Amino acid sequence: MGLLTFKGGIHPNDGKSLAKDQAITAILPEGSLVYPLSQHIGAPANPMVKKGDHVLKGQKIAEAGGFVSAPVYASVSGTVKGLEKHFSPAGSKVECIVVENDGEYQEVAYEPAKPLEEMTGEEIINKIGEAGIVGMGGAGFPTKVKLSPKEPDKIEYIIANCAECEPYITADYRRMLENTEELVSGMRVVLSLFKNAKGIFAVEDNKKDCIEKLKEAVKGETRMEVKALQTKYPQGAERQLIYAVTRRAIHAAMLPADAGCIVDNVETLIGIDQAVVKGKPLMERVVTVSGDAVAKPGNFRVLLGTSHQELIQAAGGFKTEPEKLISGGPMMGFAMVALDAPVTKTSSSILAFKEDIVAKSKPTPCINCGRCVEVCPSRIIPSRLADYAERHDEETFTAQNGLECVECGSCSYVCPAKRPLKQSIGSMRKIALANRKKK
């Protein structure tokens with residue numbers, strides 16, 4: 001049987017050799033911690049502390065601001081300096097709680113966790129929501145909401161997104177190797193909510209060691225299976241992953257649950273294990289620091305709220321001043337404007353490159369070569385959609401399936417004219433979706 005995959009996609013230089021063999025290293029912050037109130041899709045969290053308050057590690061400092069929201073917890077003990085606006089990794093200024101770290105890491109007393117088999121589904125989902133778990137692959141969708149579909153009996157697949165198809169990022173790879181049991185335990189928790197579902201660990205075949213380790217870990221688990229995916233970008237995109245694993249196609253107006261699927265990232269499943277099995281809220285994650293401008297690329301377990309500047313220092317600093325800093329992957333990440341931006345729940349990596357190749361590429365007119373069409377995983381026509389976007393023709397853009405774009409950037413990557421196709425299409429998608437909500 002061939003490797004599971006989808007139509008389209010690209011094979012960029014993955015750059016993973018820089019950090020993949022570096023074991024996870026835990027680091028502790030030295031400066032103040034900054035906690036954005038918006039680390040998820042949906043309503044910002046509401047602060048529960050004020051300037052001068054003393055907080056403990058594991059204390060809730062902001063509560064969910066609505067059904068689609070998530071609370072925030074202090075990852076250190078210390079004194080609240082205030083509520084201030086700071087840059088997020090994505091480059092926007094957002095409201096944040098700032099805590100001065102006292103270096104003592106005094107921790108709250110957690111409520112003892114009940115055995116999984118003694119918990120009801122409602123208790124499990126509430127534990128996940130209360131712990132502040134969100135999609136940690138980058139989307140940031142509150143996991144409590146994702147695990148509460150209207151018809152849970154119709155969920156047939158829980159897919160662990162172990163693809164990690166973005167170049168350079170190796171945090172999930174190290175998690176799969178070093179925290180295998182916690183990952184499987186997180187899947188076990190989610191499967192307990194869906195009696196008709198099977199758990200699938202979907203791993204690209206360039207991670208054969210992870211595939212073998214996971215297969216060994218799920219022996220005896222009758223409801224879990226490991227499946228190998230073809231190594232190709234964007235294999236980890238939700239729609240493409242679901243199609244590769246189940247051959248079920250979804251479009252922009254559908255949710256994965258409409259196809260009987262729920263997809264969770266590696267880091268998210270480990271967070272679920274921490275919340276439900278160990279009774280601890282989300283306070284840390286693993287982040288890759290890599291790129292050709294980094295002295296010692298690696299993977300670091302870091303407390304949320306830590307400055308990216310401290311992450312760079314942990315990786316030996318820059319061996320040369322970078323022209324480009326990226327939060328996330330080079331295909332779908334964000335150009336960073338400030339190194340003092342904090343690590344958030346969705347911070348998978350920080351990449352630093354000697355040269356900003358994109359900025360130096362001058363766009364030229366489209367030559368109608370069709371390469372963008374060949375690689376598009378959504379089977380749309382990026383060159384035309386970009387034209388509609390640049391002319392602000394929202395009606396035609398929408399009629400020609402512009403909302404089906406997953407903004408993976410494959411089209412921009414292969415375009416010989418160096419047109420910023422993804423950026424143009426992505427901007428128009430945001431406008432069209434915002435207008436649709438108004439209506």
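Me: Which residues is Ser348 in contact with, leaving aside its neighbours within four places in sequence?
Reply: This is a predicted model, to be clear. In it, Ser348 is in contact with Ile169, Ala171, Arg285, Val286, Val287, Thr288 and Gly328.

Me: And where is the place of Ser348?
Reply: Ser348 is in the loop between strand E16 (334-335) and strand E17 (349-353).

Me: Is Ser348 buried or exposed?
Reply: Ser348 counts as buried, because its relative accessibility is 12% and the cut-off for buried is under 20%.

Me: What does Ser92 touch, not counting residues up to four places away in sequence?
Reply: His86 and Phe87.

Me: Why does Ser92 count as partly exposed?
Reply: Its relative accessibility is 36%. Partly exposed runs between the buried limit of 20% and the exposed limit of 50%, so Ser92 falls in that class.

Me: How many Å apart in space are Ser92 and Glu284?
Reply: 22 Å, C-alpha to C-alpha. In sequence they are 192 residues apart.

Me: New topic, sheets. What is the order of the four strands in the open sheet?
Reply: E11-E10-E9-E12, with parallel pairing. The edge strands are E11 (224-229) and E12 (261-265), and each of them pairs on one side only. From one strand to the next, the twist averages 25 degrees.

Me: Which helix packs on the sheet?
Reply: Helix H6, residues 238-246. H6 touches E9 (157-162), E10, E11 and E12. The direction of H6 makes about 120 degrees with that of E9.

Me: Back to the pairing. How many bridges do E10 and E11 pair over?
Reply: Six, in the parallel sense. E10 covers residues 198-204. Val203 stands opposite Ala228 in E11.

Me: Now the core. How many residues does the largest nonpolar one have?
Reply: 61. Those with the most contacts inside it are Ile158, Phe194, Phe201, Ile272 and Leu311.

Me: Take Ile272. What is it in contact with, leaving aside neighbours within four places in sequence?
Reply: Ile272 is in contact with Ile128, Ile133, Thr143, Leu147, Gly186, Val189, Val190, Asp264 and Val277.

Methods. Residues are numbered from 1 along each chain as its sequence is written. This is a predicted model: local features need pLDDT of at least 70, side-chain atom pairs count only at pLDDT 80 or more; totals for chains, interfaces and linings use all residues. Side-chain values use heavy atoms; hydrogens and water are left out. Two strands pair if DSSP finds at least two bridges between them. Helices (H or I, at least four residues) and strands (E, at least two) are DSSP runs, numbered from the N terminus. Axes are lines fitted to C-alpha atoms, for helices over the stretch in contact, and angles run from 0 to 180 degrees between N-to-C directions. Contact means heavy atoms within 4.5 Å. A nonpolar core is a set of buried Ala, Val, Leu, Ile, Met, Phe, Trp, Tyr and Cys residues joined through side-chain atoms within 4.5 Å. Buried means under 20% relative accessible area, exposed over 50%, partly exposed in between (1.4 Å probe, protein chains only).
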